[in-house]
Amino acid sequence: MYNLSCYNPGSFILVGIPGLEKFHIWIGIPFCVIYVLALVGNCTLLYLIAVEHSLHEPMFFFLAMLATTDLILSTATVPKLLTNLWLHSQEITFSGCLTQMFFLHFSFVVDSAILLAMAFDRYVAICFPLRYTTILTPQVIIKLAASIVVRSFSVILPDVFLLKRLPFCGTRIIPHTYCEHIGVARLASADISINIWYGFSVPLMTVISDVIIIAVSYTFILRAVFQLSSQGARQKALSTCGSHVCVILMFYTPAFFSILAHRFGHSVPRNVLILFANLYVAIPPALNPIVYGVKTKQIQDKFILLFSLKKTQ
């Protein structure tokens, strides 16, 4: 019976942010505000893209995918964080922990793939403007979207089975606010070298390959832009990439910083790493709609039109 309970643990305890327990209520307030902003911003973006026929273009389809993934990412983590900080609801079932971990890592890999697809969209739009509609047909867009989901699912699903095979006979206290693969695996009473190898190398190499291809795409884009004779044409071409570059920086910079901090930042306090990890899953989903709303004129115009119509009614 003891061995069976090891392989089928009932629940885990998420301790929250160790060392900052007396500030938990106050820490929860900005996270709640950020989460509400993410919900409102991404839902508004999805609504505008759905109802406005002028936004039924490949770039905005990928943007709708990004907004959906951001909603999944923030909803998988922030509500549980708030119940932990405010209601002291620290317990999470083993199946709930696996589900949270899957959607957390799945969203990260999907986001990376969507940013790669958006870079390809900008590459075609700027380098082959006359062939844009013939290259990025609806069939091609659907195939790209399906490949993004299938690839991400295939990369992350093994994490679930790698954790399910492990016995958890010792402590079941997770020093974090959410379940992530390596953090849960470290509680196991068995060798976790396969978890460490797969958990770090495969998703990381997937994301790094995305970054390399995005960098190559923008090398060709910049070369094409600077070959344009008109200064106005250059500025217009670069402005169409501005919002995408901002989102890329917001997504990859803190992600790689967090990975490096966990790997090499042994002198960094644990609560600082946990706080930063929570900011990483909360802030980009809230900022992405704002960035695209400010930088993309079509969305900005439709947003203003939407609220001006509501005021006149």
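This note sets out the fold of a predicted model, from its overall composition to its sheet and its helix contacts.

1. Overall composition. The chain of this predicted model contains eleven helices and three strands. Read from the N terminus, its elements follow the order α-β-α-α-β-α-α-α-β-α-α-α-α-α. The radius of gyration is 21 Å, close to the 20 Å that the globule rule gives for 313 residues, so the chain is as compact as a globular protein of that length. Along the principal axes, the C-alpha atoms occupy a box of roughly 70 × 45 × 40 Å.

2. The sheet. The three strands form an open sheet in the order E2-E1-E3, and the pairing is mixed. Strand E2 (91-93) and strand E3 (173-174) are the edge strands, each pairing on one side only. In general terms, strands of a sheet pair through backbone hydrogen bonds, in either a parallel or an antiparallel manner.

3. Pairing within the sheet. Strand E1 (residues 11-14) is antiparallel to E2, and three bridges link this pair. Within this pairing, Ile 13 has Glu 91 of E2 as its bridge partner. E1 and E3, by contrast, run parallel and are joined by two bridges. Here Leu 14 lies opposite Ile 174 of E3.

4. The helix across the sheet. Which helix lies across E1, E2 and E3? Helix H4 (residues 94-127) does so, and its direction makes an angle of about 85 degrees with E2.

5. H2 against H3. Two packed helices are described by the angle between their axes and the distance between the axes. For helix H2 (residues 24-51) and helix H3 (residues 58-87), the packing angle is about 155 degrees and the axes are 9 Å apart. H2 is therefore roughly antiparallel to H3, since angles over 145 degrees are placed in that class. The crossing of H2 with H3 is left-handed. Sorted by class, the residues of the contact between H2 and H3 are 23 nonpolar, six polar and one charged.

6. H3 against H6. The axes of H3 and helix H6 (residues 138-164) approach to within 11 Å, with a crossing angle of roughly 25 degrees. H3 is therefore roughly parallel to H6, because angles under 35 degrees count as such. H3 and H6 cross in the right-handed sense. On the H3 side, the residues that meet H6 are Pro 58, Phe 61, Phe 62 and Met 65; their counterparts in H6 are Ile 141, Leu 144, Ala 145 and Ile 148. The contact of H3 with H6 comprises eight nonpolar residues, with no polar and no charged ones.

7. H3 against H10. H3 also packs with helix H10 (residues 270-295): the two axes come within 9 Å and cross at roughly 145 degrees. The crossing of H3 and H10 is left-handed. H3 contributes Leu 63, Leu 66, Asp 70, Leu 73, Ser 74, Thr 77, Val 78 and Leu 81 to this contact, while H10 contributes Asn 278, Val 281, Ala 282, Pro 284, Pro 285, Asn 288 and Tyr 292. By class, the contact of H3 with H10 holds ten nonpolar, four polar and one charged residues.

8. Points to inspect. Where does H3 meet H6? The contact includes Phe 61 and Phe 62 of H3 and Ile 141 and Leu 144 of H6. H3 has contacts with H2, with H6 and with H10, and these may be viewed together in the structure.

Methods
Residues numbered from 1 in each chain as written. Predicted model: local features only at pLDDT ≥ 70, side-chain atom pairs only at ≥ 80, totals over all residues. Heavy atoms only, no water. Pairing = 2+ DSSP bridges. Helix = DSSP H or I, 4+ residues; strand = E, 2+ residues; numbered from the N terminus. Contact = heavy atoms within 4.5 Å. Axes fitted to C-alpha atoms, helices over the stretch in contact; angles between N-to-C directions. Parallel < 35°, antiparallel > 145°, perpendicular 65-115°, else oblique. Left-handed = near helix turned anticlockwise from the far one by under 90°. Nonpolar A, V, L, I, M, F, W, Y, C, P; charged D, E, K, R; others polar. Rg over C-alpha atoms; globule rule 2.2 N^0.38 Å.
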